Amino acid sequence: PFREKQLWFERALDGLHGTDPRRPRSRSYRPVTLDVRRGACLFDSLKRFEQLSVDRLRNASVRVRFAGEAGIDAGGVSREWFDVVARELFANGGLGLFVARRESGYACNLDPRSGDARHDAARAALAPRGELGRGETIGDVRLLRFAGRFVAKALRERVTIPATLSLPLLKHVLGVPLSFSDLEFVDAEAFLNYAWLRDNGGAEDLCLDFTIFADGDDEGAPKTPVELVPNGGDVPVTDDNKAEFLALVLKYKVLDAVAPQLAAFLQGFDDILPRTYLSVFDYQELQLLLGGVDEIDVDDWRRHTRYLGAFAELREKHPVVKFFWDCVDAFDNEQRARLCQFSTGTSSLPPAGFKALVGDDGHYCNFTLASLPRDLGVWPRAHTCFNRIDLPLYESYDELANYLALSIHLEVVGFTID
(Lines give C-alpha, C1' and ligand atoms only; values in the text may rest on other atoms or scores of the structure.)
Protein backbone atom coordinates (compact mmCIF):
# COMPACT_ATOMS: atom_id res chain seq x y z
CA PRO A 1 0.00 0.00 0.00
CA PHE A 2 2.81 2.45 0.77
CA ARG A 3 4.30 2.00 -2.70
CA GLU A 4 0.89 2.63 -4.28
CA LYS A 5 0.52 5.82 -2.22
CA GLN A 6 4.03 6.88 -3.20
CA LEU A 7 3.26 6.39 -6.90
CA TRP A 8 0.08 8.45 -6.53
CA PHE A 9 2.07 11.18 -4.77
CA GLU A 10 4.69 11.22 -7.52
CA ARG A 11 2.00 11.53 -10.20
CA ALA A 12 0.47 14.38 -8.24
CA LEU A 13 3.88 16.06 -8.05
CA ASP A 14 4.29 15.69 -11.80
CA GLY A 15 1.16 17.80 -12.14
CA LEU A 16 2.50 20.38 -9.71
CA HIS A 17 5.84 20.52 -11.53
CA GLY A 18 4.11 20.95 -14.87
CA THR A 19 5.76 17.91 -16.47
CA ASP A 20 2.65 17.09 -18.47
CA PRO A 21 3.84 17.57 -22.12
CA ARG A 22 0.41 18.86 -23.09
CA ARG A 23 0.83 21.91 -20.85
CA PRO A 24 2.93 24.95 -21.75
CA ARG A 25 6.05 25.30 -19.59
CA SER A 26 6.08 28.72 -17.94
CA ARG A 27 9.16 30.42 -16.48
CA SER A 28 8.06 29.33 -13.00
CA TYR A 29 8.82 25.73 -13.91
CA ARG A 30 12.32 26.27 -15.29
CA PRO A 31 15.11 25.08 -12.97
CA VAL A 32 16.53 27.62 -10.53
CA THR A 33 20.24 27.64 -9.77
CA LEU A 34 21.55 28.06 -6.25
CA ASP A 35 25.14 29.30 -6.02
CA VAL A 36 26.42 28.36 -2.58
CA ARG A 37 29.72 28.20 -0.73
CA ARG A 38 30.51 25.10 1.28
CA GLY A 39 31.64 27.20 4.21
CA ALA A 40 28.39 29.17 4.20
CA CYS A 41 26.00 26.67 2.64
CA LEU A 42 23.08 27.22 5.01
CA PHE A 43 23.39 31.01 4.95
CA ASP A 44 23.65 31.17 1.14
CA SER A 45 20.68 28.80 0.74
CA LEU A 46 18.59 30.81 3.19
CA LYS A 47 19.30 34.06 1.35
CA ARG A 48 18.62 32.54 -2.08
CA PHE A 49 15.33 31.04 -0.95
CA GLU A 50 14.26 34.44 0.38
CA GLN A 51 15.18 36.15 -2.90
CA LEU A 52 12.97 33.89 -4.99
CA SER A 53 9.25 34.39 -5.29
CA VAL A 54 7.14 31.73 -3.62
CA ASP A 55 5.75 30.70 -7.01
CA ARG A 56 9.23 30.26 -8.47
CA LEU A 57 10.53 28.46 -5.41
CA ARG A 58 7.50 26.21 -5.32
CA ASN A 59 7.53 25.14 -8.94
CA ALA A 60 11.15 25.28 -10.13
CA SER A 61 13.49 22.33 -9.76
CA VAL A 62 16.70 23.07 -7.86
CA ARG A 63 20.14 23.02 -9.49
CA VAL A 64 23.17 23.71 -7.33
CA ARG A 65 26.65 25.08 -7.97
CA PHE A 66 29.22 24.92 -5.20
CA ALA A 67 31.61 27.86 -5.47
CA GLY A 68 35.03 26.90 -6.81
CA GLU A 69 33.91 23.44 -7.91
CA ALA A 70 33.53 22.34 -11.49
CA GLY A 71 30.76 19.81 -11.01
CA ILE A 72 27.74 20.06 -13.32
CA ASP A 73 24.49 19.30 -11.55
CA ALA A 74 22.61 16.50 -13.24
CA GLY A 75 21.00 15.62 -9.95
CA GLY A 76 23.96 14.44 -7.89
CA VAL A 77 25.15 17.88 -6.79
CA SER A 78 21.69 18.95 -5.69
CA ARG A 79 21.28 15.71 -3.73
CA GLU A 80 24.57 16.48 -1.98
CA TRP A 81 23.28 19.99 -1.26
CA PHE A 82 20.12 18.57 0.32
CA ASP A 83 22.30 16.31 2.49
CA VAL A 84 24.64 19.13 3.59
CA VAL A 85 21.86 21.58 4.45
CA ALA A 86 19.81 18.94 6.28
CA ARG A 87 22.76 18.08 8.51
CA GLU A 88 23.32 21.76 9.33
CA LEU A 89 19.67 22.38 10.11
CA PHE A 90 18.79 19.29 12.08
CA ALA A 91 22.10 18.12 13.59
CA ASN A 92 23.57 21.47 14.62
CA GLY A 93 22.41 21.77 18.23
CA GLY A 94 24.07 25.17 18.53
CA LEU A 95 21.39 26.71 16.32
CA GLY A 96 18.76 25.76 18.90
CA LEU A 97 16.05 24.99 16.34
CA PHE A 98 15.51 21.32 17.06
CA VAL A 99 16.28 19.09 19.98
CA ALA A 100 16.95 15.38 19.50
CA ARG A 101 16.23 13.54 22.72
CA ARG A 102 16.98 9.95 23.58
CA GLU A 103 13.33 9.28 24.34
CA SER A 104 12.32 10.08 20.75
CA GLY A 105 15.04 7.87 19.27
CA TYR A 106 17.02 11.04 18.53
CA ALA A 107 14.28 12.23 16.22
CA CYS A 108 14.00 16.01 15.94
CA ASN A 109 11.49 17.91 18.04
CA LEU A 110 10.99 21.65 17.82
CA ASP A 111 12.91 23.30 20.64
CA PRO A 112 10.58 25.46 22.78
CA ARG A 113 13.59 27.58 23.76
CA SER A 114 14.68 28.36 20.20
CA GLY A 115 14.12 32.09 20.73
CA ASP A 116 16.74 32.30 23.49
CA ALA A 117 19.47 34.88 23.00
CA ARG A 118 22.10 32.26 23.81
CA HIS A 119 21.75 30.95 20.24
CA ASP A 120 22.40 34.33 18.61
CA ALA A 121 26.17 33.92 18.29
CA ALA A 122 25.92 30.52 16.59
CA ARG A 123 23.32 31.83 14.15
CA ALA A 124 25.29 34.98 13.37
CA ALA A 125 28.30 32.78 12.63
CA LEU A 126 26.38 31.22 9.73
CA ALA A 127 27.11 34.37 7.74
CA PRO A 128 30.69 35.18 6.68
CA ARG A 129 32.07 38.24 8.41
CA GLY A 130 30.55 41.47 7.13
CA GLU A 131 27.75 39.87 5.10
CA LEU A 132 24.88 40.50 7.47
CA GLY A 133 23.12 43.74 6.64
CA ARG A 134 22.71 46.55 9.14
CA GLY A 135 20.19 45.39 11.72
CA GLU A 136 19.85 41.99 10.03
CA THR A 137 19.59 38.96 12.29
CA ILE A 138 19.15 35.26 11.70
CA GLY A 139 16.37 34.51 14.16
CA ASP A 140 14.61 31.26 14.90
CA VAL A 141 11.43 32.18 13.02
CA ARG A 142 13.43 33.01 9.89
CA LEU A 143 15.39 29.76 10.08
CA LEU A 144 12.36 27.61 10.90
CA ARG A 145 10.41 29.00 7.98
CA PHE A 146 13.38 28.10 5.79
CA ALA A 147 13.46 24.63 7.41
CA GLY A 148 9.80 24.10 6.54
CA ARG A 149 10.43 25.20 2.95
CA PHE A 150 13.50 22.99 2.74
CA VAL A 151 11.70 19.85 3.98
CA ALA A 152 8.78 20.44 1.61
CA LYS A 153 11.20 21.07 -1.26
CA ALA A 154 12.93 17.76 -0.56
CA LEU A 155 9.56 16.02 -0.79
CA ARG A 156 8.72 17.80 -4.04
CA GLU A 157 12.11 16.94 -5.52
CA ARG A 158 11.73 13.32 -4.31
CA VAL A 159 15.02 13.52 -2.45
CA THR A 160 15.53 11.75 0.87
CA ILE A 161 17.40 13.67 3.55
CA PRO A 162 19.25 12.56 6.71
CA ALA A 163 16.62 13.85 9.10
CA THR A 164 14.22 11.99 11.36
CA LEU A 165 11.33 14.12 12.55
CA SER A 166 9.67 13.32 15.86
CA LEU A 167 6.29 11.66 15.84
CA PRO A 168 4.50 14.79 17.17
CA LEU A 169 6.08 16.98 14.47
CA LEU A 170 5.12 14.50 11.75
CA LYS A 171 1.55 14.53 13.05
CA HIS A 172 1.51 18.33 13.05
CA VAL A 173 2.57 18.34 9.39
CA LEU A 174 -0.20 15.89 8.54
CA GLY A 175 -2.78 17.66 10.68
CA VAL A 176 -3.38 14.46 12.65
CA PRO A 177 -4.62 14.84 16.25
CA LEU A 178 -2.12 13.87 18.92
CA SER A 179 -2.67 11.37 21.73
CA PHE A 180 -1.40 11.19 25.28
CA SER A 181 1.21 8.58 24.36
CA ASP A 182 2.87 11.14 22.06
CA LEU A 183 4.00 13.03 25.16
CA GLU A 184 6.62 10.31 25.60
CA PHE A 185 8.45 11.63 22.52
CA VAL A 186 8.61 15.14 23.98
CA ASP A 187 9.26 14.55 27.68
CA ALA A 188 9.67 10.92 28.70
CA GLU A 189 9.99 11.61 32.41
CA ALA A 190 6.86 13.76 32.47
CA PHE A 191 5.02 11.12 30.47
CA LEU A 192 5.80 8.42 33.05
CA ASN A 193 4.67 10.66 35.90
CA TYR A 194 1.46 11.74 34.19
CA ALA A 195 0.72 8.17 33.07
CA TRP A 196 0.92 7.11 36.71
CA LEU A 197 -1.50 9.90 37.62
CA ARG A 198 -3.86 8.78 34.85
CA ASP A 199 -3.82 5.14 35.91
CA ASN A 200 -4.00 5.55 39.70
CA GLY A 201 -6.35 7.14 42.20
CA GLY A 202 -5.60 9.60 44.95
CA ALA A 203 -4.76 12.63 42.83
CA GLU A 204 -5.70 14.91 45.73
CA ASP A 205 -2.80 13.53 47.79
CA LEU A 206 -0.24 14.78 45.22
CA CYS A 207 -1.06 18.46 45.91
CA LEU A 208 -1.08 19.32 42.20
CA ASP A 209 -2.86 22.28 40.67
CA PHE A 210 -3.65 23.44 37.13
CA THR A 211 -0.18 24.88 36.50
CA ILE A 212 2.82 23.49 34.70
CA PHE A 213 6.40 24.69 34.63
CA ALA A 214 7.98 25.85 31.39
CA ASP A 215 11.68 25.26 30.81
CA GLY A 216 13.92 28.16 31.83
CA ASP A 217 15.77 30.23 29.28
CA ASP A 218 19.07 28.61 30.28
CA GLU A 219 20.00 25.21 31.58
CA GLY A 220 19.57 25.22 35.35
CA ALA A 221 17.58 28.46 35.35
CA PRO A 222 14.37 28.69 37.40
CA LYS A 223 11.34 27.40 35.58
CA THR A 224 8.40 29.67 34.86
CA PRO A 225 4.93 28.53 36.02
CA VAL A 226 2.27 28.47 33.32
CA GLU A 227 -1.41 28.43 34.23
CA LEU A 228 -3.37 25.88 32.23
CA VAL A 229 -6.67 27.59 33.14
CA PRO A 230 -7.36 31.05 34.55
CA ASN A 231 -6.14 31.14 38.17
CA GLY A 232 -4.85 27.61 37.69
CA GLY A 233 -2.76 27.82 40.83
CA ASP A 234 -5.99 27.89 42.84
CA VAL A 235 -7.53 24.86 41.10
CA PRO A 236 -6.43 21.57 42.71
CA VAL A 237 -6.15 18.40 40.62
CA THR A 238 -8.58 15.72 41.78
CA ASP A 239 -9.62 12.33 40.52
CA ASP A 240 -12.72 14.01 39.11
CA ASN A 241 -10.87 16.61 37.00
CA LYS A 242 -7.53 14.90 36.29
CA ALA A 243 -8.62 13.90 32.77
CA GLU A 244 -9.10 17.59 31.95
CA PHE A 245 -5.76 18.40 33.58
CA LEU A 246 -3.91 15.76 31.56
CA ALA A 247 -5.52 16.90 28.32
CA LEU A 248 -4.35 20.46 29.04
CA VAL A 249 -0.85 19.24 29.91
CA LEU A 250 -0.68 17.38 26.62
CA LYS A 251 -1.89 20.41 24.69
CA TYR A 252 0.69 22.64 26.34
CA LYS A 253 3.62 20.26 25.92
CA VAL A 254 3.06 19.30 22.28
CA LEU A 255 1.44 22.48 20.94
CA ASP A 256 1.36 25.65 23.04
CA ALA A 257 5.00 25.46 24.16
CA VAL A 258 6.19 25.45 20.52
CA ALA A 259 3.36 27.41 18.89
CA PRO A 260 5.52 30.20 17.32
CA GLN A 261 8.12 27.70 16.12
CA LEU A 262 5.50 25.36 14.70
CA ALA A 263 3.69 28.21 12.94
CA ALA A 264 6.93 29.32 11.23
CA PHE A 265 7.84 25.77 10.17
CA LEU A 266 4.38 25.01 8.78
CA GLN A 267 4.17 28.38 7.04
CA GLY A 268 7.39 27.59 5.21
CA PHE A 269 6.19 24.08 4.41
CA ASP A 270 2.89 25.38 3.03
CA ASP A 271 4.77 27.85 0.81
CA ILE A 272 6.13 24.90 -1.16
CA LEU A 273 3.77 21.94 -0.87
CA PRO A 274 0.04 21.83 -0.12
CA ARG A 275 -0.27 19.45 2.79
CA THR A 276 -3.44 17.99 1.32
CA TYR A 277 -1.15 16.05 -1.01
CA LEU A 278 0.20 14.21 2.02
CA SER A 279 -3.22 13.20 3.34
CA VAL A 280 -2.87 9.67 1.92
CA PHE A 281 0.09 8.97 4.21
CA ASP A 282 0.23 8.24 7.91
CA TYR A 283 3.02 9.67 10.05
CA GLN A 284 5.23 6.58 9.69
CA GLU A 285 4.90 6.66 5.91
CA LEU A 286 5.70 10.38 5.85
CA GLN A 287 9.00 9.72 7.66
CA LEU A 288 9.77 6.91 5.21
CA LEU A 289 9.02 9.27 2.32
CA LEU A 290 11.24 11.97 3.80
CA GLY A 291 14.16 9.94 5.15
CA GLY A 292 14.00 6.73 3.17
CA VAL A 293 14.07 3.22 4.56
CA ASP A 294 17.03 1.72 6.32
CA GLU A 295 17.67 -1.84 5.24
CA ILE A 296 16.77 -3.88 8.31
CA ASP A 297 19.15 -6.76 9.00
CA VAL A 298 16.98 -9.34 10.76
CA ASP A 299 19.96 -11.51 11.72
CA ASP A 300 21.57 -8.52 13.43
CA TRP A 301 18.23 -7.80 15.13
CA ARG A 302 18.02 -11.36 16.47
CA ARG A 303 21.61 -11.33 17.72
CA HIS A 304 21.06 -8.20 19.79
CA THR A 305 17.69 -9.03 21.38
CA ARG A 306 17.19 -9.87 25.02
CA TYR A 307 14.22 -11.68 26.52
CA LEU A 308 12.26 -11.10 29.72
CA GLY A 309 9.48 -12.80 31.65
CA ALA A 310 8.25 -16.10 30.26
CA PHE A 311 10.67 -15.72 27.33
CA ALA A 312 13.83 -15.46 29.47
CA GLU A 313 14.58 -19.18 29.79
CA LEU A 314 13.74 -20.57 26.34
CA ARG A 315 14.54 -17.37 24.41
CA GLU A 316 14.13 -18.06 20.67
CA LYS A 317 12.84 -21.54 21.39
CA HIS A 318 9.74 -20.18 23.13
CA PRO A 319 6.74 -20.68 20.81
CA VAL A 320 5.63 -17.02 20.95
CA VAL A 321 9.17 -15.77 20.28
CA LYS A 322 9.38 -18.15 17.34
CA PHE A 323 6.06 -16.78 16.05
CA PHE A 324 7.48 -13.26 16.36
CA TRP A 325 10.66 -13.89 14.38
CA ASP A 326 8.78 -15.89 11.74
CA CYS A 327 6.51 -12.86 11.36
CA VAL A 328 9.46 -10.45 11.09
CA ASP A 329 11.03 -12.72 8.46
CA ALA A 330 7.77 -12.58 6.50
CA PHE A 331 7.60 -8.77 6.66
CA ASP A 332 8.97 -6.69 3.81
CA ASN A 333 11.49 -3.97 4.64
CA GLU A 334 8.82 -1.27 4.94
CA GLN A 335 6.94 -3.32 7.55
CA ARG A 336 10.18 -4.03 9.42
CA ALA A 337 10.90 -0.30 9.47
CA ARG A 338 7.42 0.32 10.87
CA LEU A 339 8.01 -2.32 13.55
CA CYS A 340 11.34 -0.72 14.39
CA GLN A 341 9.65 2.67 14.72
CA PHE A 342 6.84 1.14 16.80
CA SER A 343 9.33 -0.32 19.28
CA THR A 344 12.19 2.20 19.33
CA GLY A 345 10.58 5.47 18.23
CA THR A 346 12.43 5.73 14.92
CA SER A 347 12.77 3.72 11.73
CA SER A 348 16.42 4.79 11.41
CA LEU A 349 19.08 2.69 13.06
CA PRO A 350 22.46 3.82 14.39
CA PRO A 351 25.34 3.16 11.96
CA ALA A 352 26.45 0.20 14.10
CA GLY A 353 23.01 -1.41 13.89
CA PHE A 354 20.89 -2.89 16.66
CA LYS A 355 23.79 -3.31 19.09
CA ALA A 356 24.06 0.49 19.29
CA LEU A 357 20.45 1.18 20.30
CA VAL A 358 20.27 3.35 23.42
CA GLY A 359 17.66 3.82 26.12
CA ASP A 360 16.35 6.99 27.68
CA ASP A 361 19.40 7.19 29.97
CA GLY A 362 21.82 7.31 27.05
CA HIS A 363 23.29 3.86 27.76
CA TYR A 364 23.19 1.00 25.30
CA CYS A 365 19.84 -0.75 25.51
CA ASN A 366 19.16 -3.81 23.37
CA PHE A 367 15.84 -4.46 21.72
CA THR A 368 13.77 -6.49 24.18
CA LEU A 369 10.88 -8.91 23.95
CA ALA A 370 8.93 -9.35 27.19
CA SER A 371 5.95 -11.59 27.86
CA LEU A 372 2.54 -10.20 28.76
CA PRO A 373 -0.18 -12.29 30.43
CA ARG A 374 -3.24 -12.73 28.24
CA ASP A 375 -5.55 -11.32 30.90
CA LEU A 376 -3.86 -7.92 30.41
CA GLY A 377 -4.92 -7.67 26.77
CA VAL A 378 -4.31 -9.01 23.29
CA TRP A 379 -2.39 -6.08 21.78
CA PRO A 380 1.41 -5.80 21.72
CA ARG A 381 2.63 -2.91 23.87
CA ALA A 382 5.63 -0.80 22.89
CA HIS A 383 7.93 1.02 25.32
CA THR A 384 10.10 3.19 23.11
CA CYS A 385 12.16 4.48 26.06
CA PHE A 386 13.44 0.94 26.55
CA ASN A 387 13.31 -0.38 22.95
CA ARG A 388 10.86 -3.00 24.15
CA ILE A 389 7.76 -4.82 22.99
CA ASP A 390 5.54 -6.68 25.43
CA LEU A 391 3.94 -9.63 23.62
CA PRO A 392 0.83 -11.37 24.93
CA LEU A 393 1.18 -15.14 25.10
CA TYR A 394 -0.48 -15.81 21.75
CA GLU A 395 -1.66 -19.30 20.95
CA SER A 396 -0.84 -19.30 17.23
CA TYR A 397 1.33 -17.63 14.61
CA ASP A 398 -1.72 -16.23 12.82
CA GLU A 399 -2.98 -14.57 16.00
CA LEU A 400 0.37 -12.87 16.66
CA ALA A 401 0.85 -11.85 13.02
CA ASN A 402 -2.64 -10.33 12.89
CA TYR A 403 -2.29 -8.20 16.04
CA LEU A 404 1.31 -7.21 15.33
CA ALA A 405 0.53 -6.10 11.76
CA LEU A 406 -2.48 -4.12 12.95
CA SER A 407 -0.43 -2.47 15.70
CA ILE A 408 2.25 -1.14 13.36
CA HIS A 409 -0.30 0.12 10.83
CA LEU A 410 -2.93 1.61 13.13
CA GLU A 411 -3.28 5.38 12.84
CA VAL A 412 -4.11 7.48 15.91
CA VAL A 413 -7.14 9.58 15.04
CA GLY A 414 -8.21 11.16 18.31
CA PHE A 415 -6.87 13.77 20.73
CA THR A 416 -7.11 11.41 23.67
CA ILE A 417 -5.17 10.43 26.75
CA ASP A 418 -5.50 6.69 26.11
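1. A word on terms before we start: on a 1 Å grid over the protein atoms alone, a cavity is a set of points where a 1.4 Å probe fits but cannot get out, and a residue lines the cavity if one of its atoms is within 4 Å of a point. Please keep in mind that this is a predicted model, in which local features need pLDDT of at least 70 and side-chain atom pairs count only at pLDDT 80 or more, while totals for chains, interfaces and linings use all residues. Residues are numbered from 1 along each chain as its sequence is written, and side-chain values use heavy atoms, with hydrogens and water left out.

2. By this rule there are two cavities of 30 Å³ or more. The largest cavity holds about 40 Å³, a volume being the space filled by probe spheres set on grid points that are joined across faces, edges and corners. Around the largest cavity you will find Val 151, Leu 155, Leu 165, Leu 170, Val 173, Phe 269, Leu 286 and Leu 290. Two or more lining residues come from each of α6 (140-157), α7 (167-174) and α11 (283-291); helices (H or I, at least four residues) and strands (E, at least two) are DSSP runs, numbered from the N terminus. The lining has eight nonpolar, no polar and no charged residues, where Ala, Val, Leu, Ile, Met, Phe, Trp, Tyr, Cys and Pro count as nonpolar, Asp, Glu, Lys and Arg as charged, and the others, Gly among them, as polar.

3. Next, a helix pair worth a look. The axes of α14 (residues 333-344) and α15 (residues 397-409) come within 9 Å and cross at roughly 75 degrees; axes are lines fitted to C-alpha atoms, for helices over the stretch in contact, and angles run from 0 to 180 degrees between N-to-C directions. The two helices are therefore roughly perpendicular to each other (65 to 115 degrees). In contact (heavy atoms within 4.5 Å) are Gln 335, Arg 338, Leu 339 and Phe 342 of α14 with Leu 404, Ser 407, Ile 408 and His 409 of α15.

4. Now the sheet: four strands form an open sheet in the order β7-β8-β10-β9, with mixed pairing (two strands pair if DSSP finds at least two bridges between them). β7 (305-308) and β9 (381-383) are at the edges with a single partner strand each, so one side of each has no neighbour in the sheet. Strands β8 (residues 367-372) and β10 (residues 388-392) pair in the parallel sense over five bridges, and Leu 372 stands opposite Pro 392 in β10.

Conventions. On a 1 Å grid over the protein atoms alone, a cavity is a set of points where a 1.4 Å probe fits but cannot get out, and a pocket is an open set with protein on both sides within 12 Å along at least five of seven lines; lining residues have an atom within 4 Å of a point. Angles under 35 degrees count as roughly parallel, over 145 as roughly antiparallel, 65 to 115 as roughly perpendicular and the rest as oblique.
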